[in-house]
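Take a look at the model below.

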Amino acid sequence: MMMSYILMGMVHDSLTLQGFLDLVPDEAHAEALFLSARWPEGPVCRWCGSVGNARRLPGRKMLFHCRDCGRATSARSGTPMAASHLPVRTWLIAMFLMACSSKGISARQLGFWLGLQYRTAWHLSHRIRQMMASDDPVLRGIVEMDETYVGGGPRTRSAGDATDSSSGRARPKGRGTSKPLLLTAVERGGAVHARRIESHRTDAITPAWRAWVDPAARLITDALPAYRKLGRAHPSHLTVNHSRRAYARTDADSGERVHVNTAESYHALLRRMVVGVHHWVSGKHLDRYAAQAAHAWNHRKRDANTLISLLARPAEPLPFRVLTA
Ligand SMILES: [Zn+2]
């Protein structure tokens, strides 16, 4: 009862940091808020799937005993919070700070604010980024797709190192840098998705395109050959030829503005986040930074719904050893 009242209040008001801290004055309130977002219909047994028929066991671990199958489920299991020793309240405050800052927060800053060691804050921030990753919603209407290189190592390798490490072939200029490659799809006036891809080839782009883009959408891309095949699945596919410095034009038949400037705006947001806050990003972490930038893009209002959607979102645990492997 108390929690539904709190959630209602959060949804309808824009939420300040002070207002948020008032909602979670202690660990009990933080746990209750987390539980109401994760299990709005009541505890879900991870073993038999029964809903709302479990009794909470005493203690801080948020363990629930299922009356149907007799086994115990932790509310943290199946989330990036599994195996974390941090209080739920610390998680929630970190999530609030990260979800509500447009350019992100460095692990050092987060650690300073929350009184955590750097290593702990770094792991925490990556697990929250993991929660931000999502292939929803499906992109409709006019969808721009574009690719870019982000962060990573030097722009080009020295001559003696100018080979593709996987194939051993010499890399071409421009599209042959050692930086990780990011694929972005964005609905004009809508949401964005981005993910690291291994190459510019069709088979590297297809899975993300299939997960993100409604076949009824009208597609706009650059002139990369890989898009030709994908474009045939859409009612229209218009291309802008960057190599000819044609960054925007109006299509004579449809009257549509042909450009990928929206995707480039997202790339600019991601770069501000990576360069401005983190200075550098390793290719193996790029997907999570891209998810954070996409989350900031997709929740520009940054109200309480942002936080609730994060809490309710299923995401895999992310152990420290996996992050550092
Ligand atoms: Zn059960």
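Here is a short tour of the cysteines, the metal and the arginine.

This is a predicted model, where local features need pLDDT of at least 70, side-chain atom pairs count only at pLDDT 80 or more, and totals for chains, interfaces and linings use all residues. Residues are numbered from 1 along each chain as its sequence is written, and side-chain values use heavy atoms, with hydrogens and water left out.

**The zinc site.** Which atoms coordinate the zinc ion? They are the SG atoms of Cys45, Cys48, Cys66 and Cys69, at 2.3 Å. Donors are N, O and S atoms within 2.8 Å of the metal (3.2 Å for Na, K and Ca); water is not among the atoms, so sites may look incomplete. Along the chain the donors follow the spacing C-x2-C-x17-C-x2-C. Their angles run from 105 to 116°, so the arrangement is tetrahedral (four donors, all angles between 85 and 135 degrees).

**Accessibility.** Buried means under 20% relative accessible area, exposed over 50%, and partly exposed in between (1.4 Å probe, protein chains only).

| Residue | Relative accessible area | Class |
|---|---|---|
| Cys45 | 5% | buried |
| Cys48 | 38% | partly exposed |
| Cys69 | 31% | partly exposed |
| Cys100 | 27% | partly exposed |
| Arg271 | 34% | partly exposed |

**Disulfides.** A disulfide is a pair of cysteine sulfur atoms within 2.5 Å. The count here is zero.

**Arg271.** Leaving aside neighbours within four places in sequence, Arg271 is in contact (heavy atoms within 4.5 Å) with Thr148, Tyr149 and Gly276. Arg271 and Lys103 are 168 residues apart in sequence, yet 9.3 Å apart in space, C-alpha to C-alpha.

Definitions and conventions: Four donors count as tetrahedral if all angles lie between 85 and 135 degrees; four count as square planar and six as octahedral if opposite donors are over 155 degrees apart and all others between 65 and 115; anything else is irregular.
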